[in-house]
There are 2 protein chains.
Amino acid sequence: MKNIKLTIEYDGKDFNGWQKQPDKLNIQGTIEQAIERITGEKVDLNASGRTDAGVHAIGQVANFKTNYELPIEKWPLALNANIKKSIVIKSAEEVEERFHSRLSCKRKTYRYVINNSKYGTAIYRYLETHIPQKLDIEKMQQAVKHFEGEHDFKAFKASGTSSKSSVRTIYKAEVLQMPDERIYIELTGSGFLYNMVRIISGTLVDVGLGKIEPNAIPSIIDSKQRERAGKTLPPNGLYLLNVEY
Amino acid sequence: MKNIKLTIEYDGKDFNGWQKQPDKLNIQGTIEQAIERITGEKVDLNASGRTDAGVHAIGQVANFKTNYELPIEKWPLALNANIKKSIVIKSAEEVEERFHSRLSCKRKTYRYVINNSKYGTAIYRYLETHIPQKLDIEKMQQAVKHFEGEHDFKAFKASGTSSKSSVRTIYKAEVLQMPDERIYIELTGSGFLYNMVRIISGTLVDVGLGKIEPNAIPSIIDSKQRERAGKTLPPNGLYLLNVEY
């Protein structure tokens, strides 16, 4: 039995998220079907984490176990030939039996892309979130640093989700000014709570709009009150960039 | 009568090119209809040049004349509210009566985007041309410089097009290595013949593949033979970046 680790890019707009669910096009089920078409085996494909409907991935990682005999370097081509163009398998490697994409994960990096031009974008309309009001990037850059370190991120978790520990570590948090009035928010952490990147990004937008002062972030974190943080930004601006093991 | 100059972004994949034609969705007709909806006037919208089906624009320029009274700064918002999301009017300015987007144009810049990764891209599949064979960028960078200057570009013009002068000047020609195995080919010139950027790009790909030597470019230009140049690359990787006056 081989354990195969895939690195996967997908266009989130074409799917109802990663997770398998009946009658809804999803990424997990689509790739599992492609594996079955090749191998004849029904497999479980475990991702580093689910992504929501509309969220994109540049480097999602998932693994599955198979008895099928195929040289490891042939897997990407075989899978890509059996799958929609909105998913690309970028690499495959054989990993040790106990490797698990979610449980073995050490760090993940997400990017949130904001288009801060006055009238937005035609070409990238499904790939960026348009915010027409001018954002103060320097304030956002001051604010984002307060998210680094180990914190209880309960204030930045979608309500109604399960009540396990909401303590996470953010190793690196940055707001980057990019060409053509684009802003990237990039967060690398041990793991992220449900909607956490989108809520942190919404809070940073409030900072950029002058609604929240940068030095108010620590007290918002400490409050553990979801209503103290900003809005959940839409999924189309969010990218899972990479997963480290 | 006011003469209004628009700067326009559009997603080429959603249209059968710039030019107005019956029963085919096109950019010119779509914007003219939006102008008519606002003003009640039928106008002629003149672009700096037609773009083919599938070709994108970041900064196409077009102008039209109107008697309608609307403060100039209100035009982008009014037009964007009356148009598909695959077109964005980025700015409007009032220009002198004799300004003509095509005839007054001094320089244009195009970019061709190649994705040179092994398995291509899911997210940007309509926005980049995938070439899986590894390209030798240094050779392409040597070759592209031979296109600079004033030349008869007959060898780089789609056959069957009209026989006016094919002499053009390229002011700047570059091949740029971008992150994530992307390659940009950027050309700034006095004007471009039909399919010229896509044929030059195809020729540079042949250089990158080792089929054409960089120093063979001058003799291909001099030959004026279309068959000596490379293939016409597909439209989805091509962007009209900006037009200067």
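User: Which residue of chain B comes closest to the rotation axis?

Analyst: Bear in mind that this is a predicted model. Chain B can be laid on chain A by a turn of 180° and a shift of 0.0 Å along the axis, with an RMSD of 0.0 Å. The two copies are thus related as by a two-fold rotation axis. Going by C-alpha atoms, the residue of chain B that comes closest to that axis, at 4.7 Å, is B:Y124.

User: What percentage of the contact residues of chain B recur in chain A?

Analyst: Start with the contact itself: 19 residues of chain B touch 19 residues of chain A. Chain B goes onto chain A by a turn of 180°. The same surface serves both copies, and the share of chain B's contact residues that recur in chain A is 100%.

User: Which element gives the most to the side of chain B that touches chain A?

Analyst: That side of chain B has 19 residues in contact with chain A. The elements giving two or more residues to it are β1 (2-10), α2 (75-81) and β4 (87-95) of chain B. The one that gives the most, with four residues, is β4(B).

User: And by class, how many residues on the side of chain B that touches chain A are nonpolar?

Analyst: We're sorting the 19 residues of chain B that are in contact with chain A. Five of them are polar and five are charged. The nonpolar count on that side is nine.

User: Let's look at chain A by itself. What is its radius of gyration?

Analyst: The secondary structure of chain A comes to five helices and 10 strands, and its C-alpha atoms fill a box of roughly 60 × 40 × 30 Å along the principal axes. For 245 residues the globule rule gives 18 Å, and the chain's own value is close to that, so chain A is as compact as a globular protein of that length. The radius of gyration of chain A is 19 Å.

User: How do α3(A) and α4(A) lie to each other?

Analyst: Helix α3 (residues 137-144) and helix α4 (residues 196-208) of chain A have axes 8 Å apart. α3(A) passes α4(A) in a right-handed crossing. The packing angle is about 135°, and angles over 145 would count as roughly antiparallel. The two helices, α3(A) and α4(A), are therefore oblique.

User: Which residues in α4(A) does α3(A) meet?

Analyst: From α3(A) come A:I137, A:K139, A:M140, A:A143 and A:V144. The residues of this contact divide into six nonpolar, one polar and one charged. Over in α4(A), the partners are A:L204, A:V207 and A:G208.

User: At roughly what angle do α3 and α4 of chain B cross?

Analyst: In chain B, the axes of α3 (residues 137-144) and α4 (residues 196-208) come within 8 Å. α3(B) passes α4(B) in a right-handed crossing, and the two are therefore oblique to each other. Their axes cross at roughly 135°.

Notes: Residues numbered from 1 in each chain as written. Chains lettered and ligands numbered in written order. Predicted model: local features only at pLDDT ≥ 70, side-chain atom pairs only at ≥ 80, totals over all residues. Axes fitted to C-alpha atoms, helices over the stretch in contact; angles between N-to-C directions. Parallel < 35°, antiparallel > 145°, perpendicular 65-115°, else oblique. Left-handed = near helix turned anticlockwise from the far one by under 90°. Contact = placed C-beta atoms within 7 Å. Nonpolar A, V, L, I, M, F, W, Y, C, P; charged D, E, K, R; others polar. Least-squares fit on C-alpha atoms with pLDDT ≥ 70 in both. Rg over C-alpha atoms; globule rule 2.2 N^0.38 Å.
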